[in-house]
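This report describes how the parts of one model are arranged and where they meet. The structure is shown first, and the description follows.

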Protein chains: 2
Amino acid sequence: MSNKINRKIVLAKRPVGKPQIENFHLEESQIQTPKEGQVLCKTIFLSLDPYMRGRMNAGKSYAPPVEIDEVMGGGTVGQVIESKYSGFSVGDFVFGYGGWQEFWTLQGKELKKVDPQLAPISTATGVLGMPGVTAYTGLLNIGQPKVGETVVVAAASGAVGSVVGQIARIKGARAVGIAGSEEKCKYVKEELGFDSCINHNIPDFAEALKANCSEGIDVYFENVGGKVFETVSPLLNDFARIPVCGIISAYNATELPPGPNLTPLLMRDILVKRLTFRGFIVWDFAAQEKEALSELAKWIKEGKMNYREDIVDGLENAPEAFIGLLEGKNFGKLVIRVSS
Amino acid sequence: MSNKINRKIVLAKRPVGKPQIENFHLEESQIQTPKEGQVLCKTIFLSLDPYMRGRMNAGKSYAPPVEIDEVMGGGTVGQVIESKYSGFSVGDFVFGYGGWQEFWTLQGKELKKVDPQLAPISTATGVLGMPGVTAYTGLLNIGQPKVGETVVVAAASGAVGSVVGQIARIKGARAVGIAGSEEKCKYVKEELGFDSCINHNIPDFAEALKANCSEGIDVYFENVGGKVFETVSPLLNDFARIPVCGIISAYNATELPPGPNLTPLLMRDILVKRLTFRGFIVWDFAAQEKEALSELAKWIKEGKMNYREDIVDGLENAPEAFIGLLEGKNFGKLVIRVSS
């Protein structure tokens, strides 16, 4: 394999605000021959996720930043083409953090087998992968929805939000989605079975949300922040729980919003309504990954868990697709089909 | 008793911003003769607490507002002077929400006996009352300090903060206080045994706090908000817990602080550091009241729990003392001695 050429997308320069195409660079490199314990894989699907925006900045987030000229990190579903690890054989489908490239070599023990009988292998980047486990663990550990409660989910048609609302329904709660277009809202209601879904781009968004949460909001699963959060906030009930999973509206911001400073209002709400805000990432609940995946697979089999993928062909199209993701242009879990 | 006159302080008009003397009015009224099941008491101590500011506003907080011309509410230690309830006899000391007045009549079942052998009866408004139980339940249920962790407490010389820091030490954590004067800080360190205490009015408050929290902050017990919170915030460790008990700095505010709006920074911190903010009031943990009081009494007996009371004589001085409380002029638990 070592005579084959790898194509990869590296971080060319750090973005200021919204990433541009020139922040990325497509390069070629030699394929790395696996050493003892390693596995060489060909990328089939590359997962694009909002957290990657944070990794493009220099500052420490919960994970170290991608370095300049380093390949962009990311989850990938690959097929083993050479294995020096006893756990995997040539032809196996695996999930690993291979990054934005066509070939990658990783320690076998860092990889997980993907069962193509269970569901399409691309789902290992979505409902049966990090986003699905994020939704499951964040909603159940922090949100703790009870029968009859109202769960509001921002970015409801996205990889995480879509799973959150469906689990809320499975657990006997009402699920109200928030999404960025009428088409997405239709999908969230009709295909995902949410009780309702509100388009945050309509002029009377606040009134519509209120009308659809007539008994207030008990759980707000936060993926978005900003105006969506400010609209949700007055509807939160006493003792509401707010798993903070993402604040995509702020990821491209170069400055703070103008005043007044609303922090005292938020703190007052936390106090008076006895709210719980808790941030998390999926690794915080690593011990529950197996349980989450087993439940999610079961629900898919039972027809209780639907999902939608937004598949873009070609590694070279990853930067544009990623830029669109941060603006909500994707519709469903965004995946790059790097090879077939 | 019905020929005796009661003096009471009523809410004369609602304050805008900082309360003024004219928001209160001292009135006389007839003493109410107790009916079957009721007890008539003479107030000995009246507790003044920051939460009362919220009750002076018209808007719903976690408790309904005091109405205009209604007696100001508040916890009181009284002595029974007439009892039509089998549980109490004339001469008994009891705690109840008698309000800002010299005599009050309440249902016997709403009252608790105060044991003058256990500690001075005034402590039923402080370390052995609502503030002590607030500190105990908020710190242990939400803060969950672990051995060796750093617990920072705002308003550290106050009724709640002083107990929080001492419990943190008892549980093996480091306690760092924040208070409003050098004299208070000296007391917090020397009498309460905190590891350190920082005066938030010194110019290099942020540097001093950082220097005294060299391993970051694991628990921040929030009583204050505003600038103190903004200074604490960058020092919070991953997975820090923030029990939100009060935000006294905002209680008198008539408008929000100027911009920029710092809410996205707070949400980003919650996400990236996986913080837990949870608001609470003491009633949320009512089931633990007995346990809390028993532990606190034990610690007082063992010399592990000190307290300080700021006793002001005369019901007529309650308004001025309360106005001072909101500005941090008290030093220790503020109590009005209404009669001896």
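## Domains of chain A

In this predicted model, 16 residues of domain 1 of chain A are in contact with 15 residues of domain 2 of chain A. On the side of domain 1 that touches domain 2, the residues comprise six nonpolar, six polar and four charged.

The domain assignment places residues 5–126 + 307–337 of chain A in domain 1 and residues 130–283 in domain 2. A distance of 28 Å separates the C-alpha centres of domain 1 and domain 2 of chain A.

## The interface between the chains

Chain A and chain B also meet: 34 residues of chain B are in contact with 34 residues of chain A. Two elements of chain B, α8 (263–272) and β13 (276–279), each supply at least two residues of the side that touches chain A. Of the elements, α8(B) gives the most to this side, with nine residues. By residue class, the side of chain B that touches chain A holds 21 nonpolar, eight polar and five charged residues.

Strand pairing also links the chains. Strand β13 (residues 276–279) of chain A is joined to β13(B) by three bridges, and the two strands run antiparallel. Within this pairing, A:Thr276 stands opposite B:Arg278 in β13(B).

B:Gly246 belongs to the loop between β12 (236–244) and α7 (248–251) of chain B. A residue counts as buried if 20 or more other C-beta atoms lie within 10 Å of its own. B:Gly246 has 28 other C-beta atoms within 10 Å and is therefore buried.

When neighbours within four places in sequence are left aside, B:Gly246 is in contact with A:Leu271, B:Pro50 and B:Asn223. B:Gly246 and B:Ile281 are 35 residues apart in sequence, and their C-alpha atoms are 9.0 Å apart in space.

Key. Residues are numbered from 1 along each chain as its sequence is written. Chains are lettered from A and ligands numbered from 1 in the order in which they are written. This is a predicted model: local features need pLDDT of at least 70, side-chain atom pairs count only at pLDDT 80 or more; totals for chains, interfaces and linings use all residues. Two residues are in contact if their C-beta atoms, placed from the backbone, lie within 7 Å. Helices (H or I, at least four residues) and strands (E, at least two) are DSSP runs, numbered from the N terminus. Ala, Val, Leu, Ile, Met, Phe, Trp, Tyr, Cys and Pro count as nonpolar, Asp, Glu, Lys and Arg as charged, and the others, Gly among them, as polar. Two strands pair if DSSP finds at least two bridges between them. Domain bounds come from an automatic or database domain assignment. A residue is buried if 20 or more other C-beta atoms lie within 10 Å of its own, exposed if 12 or fewer, and partly exposed in between; C-beta atoms are placed from the backbone.
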